[in-house]
Amino acid sequence: MSDLSIEQSINDKFASQSKKGQGESEAFLAAFRERRTYYQISKNAAIPDSRVEEIVKFAIKHVPSSFNGQMTRAVILFNDDHDEFWNTTAKIMSAMLSEEQMKQTQQRLDGFKAGHGTVLFFDDESVIRQQQEAFKLYADNFPVWANQANGMAQLVVWTALEKEGFGCSLQHYNPLVDAAVQEKWKVPVDWKLLAQMPFGVPTGEPGPRDYKPLNERVWAIGKKE
Ligand SMILES: Cc1cc2nc3c(=O)[nH]c(=O)nc-3n(C[C@H](O)[C@H](O)[C@H](O)COP(=O)(O)O)c2cc1C
């Protein structure tokens, strides 16, 4: 029995028709294609905060991880806590940048703060250390694999929140903000901050995106049809 109501609702909607076959990936692929970077976002909520929480928990639960170590962690900051994160980031950045540089940065940060919430993604390094001790042969790989699993979780949250009507972007003010985050939200020191995903109902469209030729990026070898 799951403690996520979104699991039940997915079961109700899709269990009887959990089809596998040609074409059945298209709804998934469409959602994935629609995911974009939105910098213009608002405080409006597309869905209740509790549903955002469910979606993030769902992603964290179902995304795979190396040796099933489940080392990805997330903290969702809503409302005043979201504002506080971006105010704190601005304070830290302004102590490091010239007044001129800060003008541009402040604009960017104000854009993120204009959103409804921010998901912080972490790797739990205590799990990585346990894995390194248990499997010495792969010791160097575990932090990399943890990062890869974290990126997978980021993509799922990003795509799902957009499907629910939010726009998101992916930011990296770590490690500058790590200590402040640990102190303010009592995040364990073993949780290493990797990314920040501000989200809010979009007030503008994403910019254009170009694509490199796929034949230079993907080789299909030995295919028959
Ligand atoms: C691993 C990774 C790191 C990224 N880091 C940043 C970042 O620090 N700041 C930012 O504004 N966008 C960041 N992005 C967003 C990319 O610039 C963006 O996804 C890319 O240009 C494609 O545009 P799209 O997201 O609209 O499809 C990152 C994306 C990825 C996948």
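## A strand pair to start from

In β5, Val 119 has Met 197 as its bridge partner, and the two strands involved, β3 and β5, pair in the antiparallel sense over 8 bridges. Strands are said to pair if DSSP finds at least two bridges between them, while the elements themselves are DSSP runs, with helices (H or I) of at least four residues and strands (E) of at least two, numbered from the N terminus. This is a predicted model, in which local features need pLDDT of at least 70 and side-chain atom pairs count only at pLDDT 80 or more, whereas totals for chains, interfaces and linings use all residues. Residues are numbered from 1 along each chain as its sequence is written.

On the β2 side, 7 bridges join β2 to β3, and these strands also run antiparallel; here Gly 117 in β3 is the bridge partner of Phe 78. Because 7 of the 8 residues of β3 are buried, this strand is largely enclosed by the rest of the structure. A residue counts as buried if 20 or more other C-beta atoms lie within 10 Å of its own, as exposed if 12 or fewer do, and as partly exposed in between, with C-beta atoms placed from the backbone.

## The largest nonpolar core

A nonpolar core is a set of buried Ala, Val, Leu, Ile, Met, Phe, Trp, Tyr and Cys residues joined through C-beta atoms within 7 Å. The largest one has 37 residues, of which Leu 120, Val 157 and Leu 161 touch the most other members. Among the elements that give two or more residues to this core are β2 (72–78), β3 (117–124), α7 (141–163) and β5 (191–202), and the largest share, 8 residues, comes from α7.

Leaving aside neighbours within four places in sequence, Leu 120 is in contact (C-beta atoms, placed from the backbone, within 7 Å) with Ala 74, Val 75, Leu 77, Val 181, Leu 193 and Gln 196.

## The whole chain

The protein chain has 8 helices and 5 strands, and its C-alpha atoms fill a box of roughly 60 × 45 × 45 Å, taken along the principal axes. Buried residues make up 27% of its 225 residues. Among contacts between residues at least 6 apart in sequence, 83% join residues at least 24 apart.

Note on methods:
Two residues are in contact if their C-beta atoms, placed from the backbone, lie within 7 Å.
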